[in-house]
Amino acid sequence: MYLKNRVAACLLMTSFLAAPQLVRADPLRNDIDQASVFSEVSPLSMPAGLDPRALDRTDFEILKPGIYIGFEKDKVAAYKALNKAINERPPLDLDKLVKGKLPPDTPGLGPIVDVTPDWLRYQNDKYDPLNPIRHDPAVAQKAGYRDVPAYPTYAAHDDSVMTPWPPEARDKLLVSDLNHSVTNYLPVYAGDRLFIVINHRDVTDLTPLTGGTRRIVAIESQASIYNQKKQKVSDMTFRVTEHLSIYKDRSKAPVNPTFAQLWEAPDWTARPEHVYTDKDWDFIKSVWAHEHIQGAAPLYWEDVKVGDKPAWTLDGPIEESPTPTWGMGMGSGGSRSIRPEIMASDNFADLVRNPVDGIWRLKDPNLERPKFPPLPVIKGAPPPAPRPGEVNTAEIHKEKVKRAALVNFTGRDYAVRHLTNWMGDDGWLKTISWAIMDPRAHWQGGMPVMPNPAAKHFVGHLPGMAGAHVSVHGLTKDVALVKSEVTGKRITNGAHEVELVWWIENLDGQIWEEGSAIVTLPSRSQPDVTAVPKERLSAAK
């Protein structure tokens, strides 16, 4: 019977993957002047022979959609009740929200984040150290800001919003199709208090009807951020697909599992690491030399053409990933670029090169890891993850350093710098979307996963790049070579918008993150209409 079910399930999966994918209406896309590159979502087809039921997983329960075994029942029921309460909640009273007068059990209340000057500066300095708009109040005010604005993804933290399938209702977890988007309406400044509110959560069970040893759920969480003035700052959508397994023999399930015990994934670190040659460093320096910051010179909508390719940007080699920090949106820790030191040196005299990986580092590589400020107190936040230990400076230059995976928003924040350079001070980053852990990357690693039909993929739609996709996971020691292309122009409710696709490669040409952006630009035809939100200008007066 089990073999029969496996065959039937495989046929069901094949028919699902070959079927047309769903395309959800996007309210942001109206009055399009030129057709969007994302007008259709191409179906993904799992390679022949990569059948999850061919894996030896006899230790795990057969799970079916909508049918929960005793181990799951109570926890899943509570999870569904929480999501139902969020989805059915009436609109919040924003006055009570900002005054802290809503009942604490109001469904969907998320973290409250106080934007402190030290954290705003820390994030701006680490990710965009060269652009004056991120650091100089006079430059920011001339552009219409009240003060130096925070990074446009500040407080947009996925883990604070996308409550996963109950951890107590599974023993093993495999994650794919991390697929996120943030739409910005107003800037954030030091002194702001930000209120995160979860508005809606959809959970779609993709498990084949005949069952399998993994319950497959696609989770989409939608949320908003409001400031202390009751103004909506941003909307967020976070998508993830979870593949969940349960041991038949409960004695095999760890009581308090470590990350290594519960996590399943391809061995992302198995790919050969790049050894940086003199030619590589010449290329890296050439990219840096040709980076262009548009700055105060307006980039007009009329001057942008579909097919334009903004100047590449490059960060890295990346020494440390930031650590997810609940509520913060951009994490803590992580390394900075040592571009200034390298570009200022004709012979790298002040640096030391590791003979194993070929990477130039500061003599004290801990200086590449900016110390982050004390974490602000966020009610209900779990303790922050411990900062990785400092680098042993006596060993770093002669021993091979183990690589680690980069958290998803690492690449997104490098892409923000790329986009800010291109659009200039008068542009507004309205929407940024990003994706990692493409199912095809899992398949290439021998790990069968079910694709999420709602997930968006980007780079493969570009002319000449059919089939291109995120094929690896970003790792420390990689560079982030950010490239982009203009894919569409439109006027939306009077706003002159440009759509771009961006992606990030390492020096071997492998794509480790992709995304899209909608940027509002000034228009020559309407010189009195600013591309930036009006609140920004009125606040500056």
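## An aromatic pair in the interior

Tyr-79 and Trp-165 are both buried (under 20% relative accessible area with a 1.4 Å probe, protein chains only; exposed is over 50%, partly exposed in between). This is a predicted model: local features need pLDDT of at least 70, side-chain atom pairs count only at pLDDT 80 or more, and totals for chains, interfaces and linings use all residues. Residues are numbered from 1 along each chain as its sequence is written, and side-chain values use heavy atoms, with hydrogens and water left out.

The whole structure holds eleven aromatic pairs. Rings of Phe, Tyr and Trp (its six-membered ring) pair if their centres lie within 6.5 Å; planes under 30 degrees apart are stacked, over 60 edge-to-face, the rest tilted. Tyr-79 and Trp-165 pair edge-to-face, at 5.6 Å centre to centre and 65° between the planes. Tyr-79 sits in helix H2 (residues 70-88) and Trp-165 in the loop between helix H5 (137-142) and strand E2 (172-184), so the pair ties together parts 86 residues apart in sequence. Helices (H or I, at least four residues) and strands (E, at least two) are DSSP runs, numbered from the N terminus. Tyr-68, Tyr-79 and Trp-165 form one aromatic cluster.

## A tilted pair

The ring centres of Tyr-276 and Trp-281 are 6.0 Å apart, with planes at 40°, so this pair is tilted. Tyr-276 is buried, at 3% relative accessible area. Trp-281 is buried too, at 2%.

Strands pair if DSSP finds at least two bridges between them. E3 (residues 193-205) runs antiparallel to E4, with ten bridges. Here Val-203 stands opposite Ile-219 in E4. E4 and E5 are also antiparallel, over twelve bridges. Tyr-226 stands opposite Lys-232 in E5. Five residues lie between the strands of the E4 and E5 hairpin, where Lys-230 takes a positive phi near 70°.

Eleven of the twelve residues of E4 (residues 215-226) are buried, so this strand is largely enclosed by the rest of the structure. In E5 (residues 232-245) lies Thr-241, which is buried at 0% relative accessible area. Beyond its neighbours within four places in sequence, Thr-241 has contacts that include Leu-174, Asp-177, Ile-216, Met-450 and Asn-452 (heavy atoms within 4.5 Å).
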